[in-house]
Amino acid sequence: MAAPRIREACDLVDEALQYESSWRRAEEHRAMFGEGTAYYGASVGAIRATLRDTLRRFPDLTHDEITALSSLLWEVDVYERRLAAVILLQSHLDMLVVTDLTRLEGFLRSSGVDELGLALARDVIRPLLHSLSDRDRSRADTVIARWTESEDLLLRRAAQTAAHDS
């Protein structure tokens, strides 16, 4: 269970994304990405601004709080919330560790939208792999190798994208 302040941060993000929503943009997203998830119709700029404002209200979040917030955002199957989780993790790459691959694998398996899986692989997992020490990189390579053998197409694609140039 998330700490009350992390739940509050998640609620603030969700409320702001709903406020920034556009039914027209939601329909565009649905046409572009498919019916696999719900859409608020908030722009990427609105998502980034919302995260920036929320993180100003909750400065100095720890690794556990950042990952808990990303999980809370991901928990609800709404494209913009999940993209906010990706952007949040991307902006805190320096905090991520090899064991976070377990959480990221769960995100990939439940992403529902190929674009979210690609963004996770390209913008979070690949840079995480590049940042790891030799011992942790060896552990991560074992995980990525397992993903390449998965029956889950999104996981295989993510492994290929994450390992590209790494």
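Visitor: Where is Asp60 found?
Guide: Asp60 sits in the loop between α3 (44-57) and α4 (63-75). Helices here are DSSP runs of H or I, at least four residues, and strands are runs of E, at least two, numbered from the N terminus. This is a predicted model, in which local features need pLDDT of at least 70 and side-chain atom pairs count only at pLDDT 80 or more, while totals for chains, interfaces and linings use all residues. Residues are numbered from 1 along each chain as its sequence is written, and side-chain values use heavy atoms, with hydrogens and water left out.

Visitor: What about the phi of Asp60?
Guide: Asp60 has a positive phi of about 60°, although it is not a glycine. Most residues other than glycine have a negative phi.

Visitor: Is Asp60 buried or exposed?
Guide: Asp60 is exposed, because its relative accessible area is 72%. The cut-offs are under 20% for buried and over 50% for exposed, with partly exposed in between (1.4 Å probe, protein chains only).

Visitor: Zooming out, how many helices and strands does the chain have?
Guide: The chain has nine helices and zero strands. Along the sequence the pattern reads α-α-α-α-α-α-α-α-α.

Visitor: How are the charges of the chain placed?
Guide: The mean positions of the 21 positive and 28 negative charges are 1 Å apart. Lys and Arg count as positive, Asp and Glu as negative, with His and the chain ends not counted; the place of a charge is NZ of Lys, CZ of Arg, CG of Asp or CD of Glu.

Visitor: How many salt bridges does the structure hold?
Guide: The structure holds 15 salt bridges, each a side-chain nitrogen of Lys or Arg within 4 Å of a carboxyl oxygen of Asp or Glu.

Visitor: Which residue pairs with Asp114?
Guide: Asp114 forms a salt bridge with Arg157, the closest N and O atoms being 3.0 Å apart. The pair links distant parts of the chain: Asp114 is in helix α7 (residues 114-131) and Arg157 in helix α9 (residues 153-163), 43 residues apart. Asp114 counts as partly exposed at 44% relative accessibility, and Arg157 counts as partly exposed at 40%.

Visitor: What about Arg122?
Guide: Arg122 forms a salt bridge with Asp123, with closest N and O atoms 3.0 Å apart. Arg122 is partly exposed, because its relative accessibility is 32%, whereas Asp123 is buried at 19%.

Visitor: And where do Arg137 and Asp141 lie?
Guide: Both lie in helix α8 (residues 134-148), four residues apart, about one turn of the helix. Arg137 is buried, with a relative accessible area of 19%, and Asp141 is partly exposed at 36%.

Visitor: Which residues do salt bridges that share partners join into one network?
Guide: Glu105, Arg109, Arg146 and Asp152 are joined that way.
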